[in-house]
Amino acid sequence: MAIEADDITTRILFDSAADHLDLNLKYITYPSFDAILKAIEAGKADFAANVTFTEERSIRFEISHPTNIEYTYLFSKKGTHLNKIKVVGVPEGTIYGDLIREYYPEIKQISYLGHDAAVDLLKTNAVGGVVDAINQLKPMLMKGFEAEILNDQIPIKPVSIVAPTGKHTELLRKIQEHTNSETVQRELSEAIKKYQFTIRQQSLRAAVSQSKLDLQKTYTVKSENLDEYTVYHENGTIEGISVDVVYQACGILGIKCEIISTADETWESMYSDLLRKDIDIISAAIIAQSRKNYMYFSEPYYSPEVLLIKRQGYKNNVYSNISELITERIGVIKEDFYDSLLSRMLPNKALYKYSNQESQVQALLNNEVDYIVLSRTNYNHLLLKSEMVLPFEEDTLIGSFYSSKVAVAFAKNEMGQQLSPLFSRAIQMLNLPQIINKYNVVPDWRANLLSEKEFNSYRLWLLFFLLALVVAIAYYLHVQSITDNLTKLKNRRALYRKYSRGISAQHTVIYLDVNKFKSINDTYGHEVGDKVLELLAEKINTNWKGNAYRIGGDEFILICNEKLSEKRECLFNSISNFESFSYIDSQNDLSLIVSSAVGISWRRKHHMPLENVLRDTEAEMYKAKYSALDSRTSLDIQSN
């Protein structure tokens, strides 16, 4: 495998393929992307990943179908966007130059070869930023540069795996098939997010250490009591979008922050505190040009929404960026804004186009596409007017397209000047859609839909509710009527209902009676007697596989079916557990050996009425009770 240094994407894909296909891999590091292509072409390496398809490359290499997106960044000194720089550095031998030339023709380009050349361009201010792939993220961030992901700013084409022409064709197909699987795509997405987070956090904490910030200080924060932004609970806890953003950002930076405001404080008083520099931070604050003279702001973190809609339960937590949907079927309305938008963001991808929203939605219902794009307003309207609960859901992991003016504000001093850009970088690392969706005041669309329908058919739902309540009460009373209150076994009524038509000839019936139970009640009291019966019922529940009933006092009936009846040894083993057992009451220093008399009715010649079987079984039980010869069923009660 030919790779550049720190190429995590390639390693994830090929390590997984190696495990799946039982391959032995060796990674060879090359100094540049151009050197990798030359090594593949010369046959010095067998495979390379993250190669964009071009007609010229298809002649030079065996090339797979797309396997993943190429995570691409703009590296700069102070953090900037592509549309704000005049000169950009572009690595030789890559597709980046053509893409920037097409979408940002006004930007001048300077080619470079290798990491060191890119660093020199930035340090000498020859360029406003350099473009490169994720393998340069760690070295660039650790050198103090900042990174802006470009996948949403220019349509980075999907990338493939290549091999020398005429070699490894079948193996290349198998590797590509495996890497396109849901498992590998999820693994890649999660690993990339974790990698980016770890590298950015290391870089940020290094920047904090090198700053003039007091790392022992606890930075004071105030936040207005406003639904979804900040909620103060009676137990002293505080939560909300603004609270989570501040605390998580402070955690990433490795600094201590504390919210010191109270629920009844006004925005005006908090604002005055920040102007007087009595506190360090306010969150949330609306960015306004007039306020910039009095405070510093972080990047915004809250915004309106445009949604990607998918079938309910489809590929949960696989993709985190719309540009990753290179293998998915996406439905759009032909020639509308979203058609144009997705065509730019997913170049060379065939979108499924429909004449109107109705046919687009029907395509998702019919499983013709996996995703459709709608605004939240259109989506809510669609759900409300539908006569059924549509099996759709928003892909919240991907999130929405938005711009926001809600940010964190800092005191206008040296501390605030240093904190604001650090917070901005930390906020970029947060899972903002997850935070916002946790507290967003916009009700869940399913709740909206159900509430609307429940309101329109209130009387019908009330009738259903009352009917369900009656059924529930009736069921409860029925259960109570056939359940013994003390032991929770079924009672005599349940026994006679169950076997109202008699007992099958193959069923075994056992009549169980506690020996000298009256003496227990007379000697130790009825409370102990009840506890003995409860313990016996517990042992029956644990050891008996058939039906069990308490028919009164200390009498129990056990019945098992044909299969259990055939295993007499198992039956005797079960019976032995409650035929004689110990009752111990440590609080009252009481220990009893309790025994039971057992009468058994094995297979009979024919089906019999319940009363007849019980009469015969009871007779057997009394024989056992009064038979001095059968010591197993005539144990005396012993008291210690």
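Modeller: A salt bridge is a side-chain nitrogen of Lys or Arg within 4 Å of a carboxyl oxygen of Asp or Glu. This is a predicted model, in which local features need pLDDT of at least 70 and side-chain atom pairs count only at pLDDT 80 or more, while totals for chains, interfaces and linings use all residues. Residues are numbered from 1 along each chain as its sequence is written, and side-chain values use heavy atoms, with hydrogens and water left out.

Colleague: How many salt bridges does this rule give?

Modeller: Side chains of opposite charge can pair when their charged atoms come close. Counted by the stated rule, the salt bridges come to 24.

Colleague: Which residue forms a salt bridge with Glu182?

Modeller: Helices are DSSP runs of H or I with at least four residues, strands are runs of E with at least two, and both are numbered from the N terminus. The closest N and O atoms are 3.1 Å apart, and the partner is Arg186.

Colleague: Is Lys310, which pairs with Glu393, buried or exposed?

Modeller: The closest N and O atoms of Lys310 and Glu393 are 3.9 Å apart. The pair links distant parts of the chain, strand 17 and strand 21, 83 residues apart. Buried means under 20% relative accessible area, exposed over 50%, and partly exposed in between (1.4 Å probe, protein chains only). Because its relative accessibility is 3%, Lys310 counts as buried.

Colleague: Which residue forms a salt bridge with Arg311?

Modeller: Arg311 lies in strand 17, and its partner is in the loop between helix 12 and strand 20, 59 residues apart. With the closest N and O atoms 3.3 Å apart, the partner is Asp370.
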